[in-house]
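Q: Could you take a close look at how the helices pack in this one? I'd like the angles, the contacts and what kinds of residues meet.

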Amino acid sequence: MQALLAQTWLWIHLASRVLLALYFVWYGVDHLTHMAAHVADATAKHAPLPQVGVPVAGVLLLAGGLTVLLGWHRYIGGGLLAIAMLGSAFARNPFWRESE
């Protein structure tokens, strides 16, 4: 019974890691292939330097997603994803500039 639980946990861990990583890989590729649309959206949100931020975010998402997917330096990949997500959150959602 314990061996079955261990094997089940292994498959759940693998499936969740693949699904999480594919989400970030997908959006990293999307950032790089549809760059003009993402730059226009970031410009509309008054993000600083959208021509630089969008491709950098795309590379960070793609690299971080691939490292998590492959399990190679996954903590560094998680850090890359955190940098991309935090940078995007603050650049595209400047709530401190909104008035009530």
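A: Axes here are lines fitted to C-alpha atoms over the stretch in contact, with angles from 0 to 180 degrees between N-to-C directions. On the α2 side, M35, H38, V39, A42 and T43 meet P50, Q51, V54 and P55 of α3 (contact means heavy atoms within 4.5 Å). That contact splits into six nonpolar, three polar and no charged residues (Ala, Val, Leu, Ile, Met, Phe, Trp, Tyr, Cys and Pro are nonpolar, Asp, Glu, Lys and Arg charged, the others, Gly among them, polar).

Bear in mind that this is a predicted model, where local features need pLDDT of at least 70, side-chain atom pairs count only at pLDDT 80 or more, and totals for chains, interfaces and linings use all residues. Numbering runs from 1 along each chain as its sequence is written, and side-chain values use heavy atoms, leaving out hydrogens and water.

Now follow α3 (residues 50–70) over to α4 (residues 74–92): they pack at about 150°, axes 8 Å apart, and are therefore roughly antiparallel to each other. This crossing is left-handed. Among the α3 residues in the contact are L60, L61 and G64, while α4 brings residues including G77, L81 and A84. The contact divides into 10 nonpolar, five polar and one charged.

Conventions: Helix = DSSP H or I, 4+ residues; strand = E, 2+ residues; numbered from the N terminus. Parallel < 35°, antiparallel > 145°, perpendicular 65-115°, else oblique. Left-handed = near helix turned anticlockwise from the far one by under 90°.
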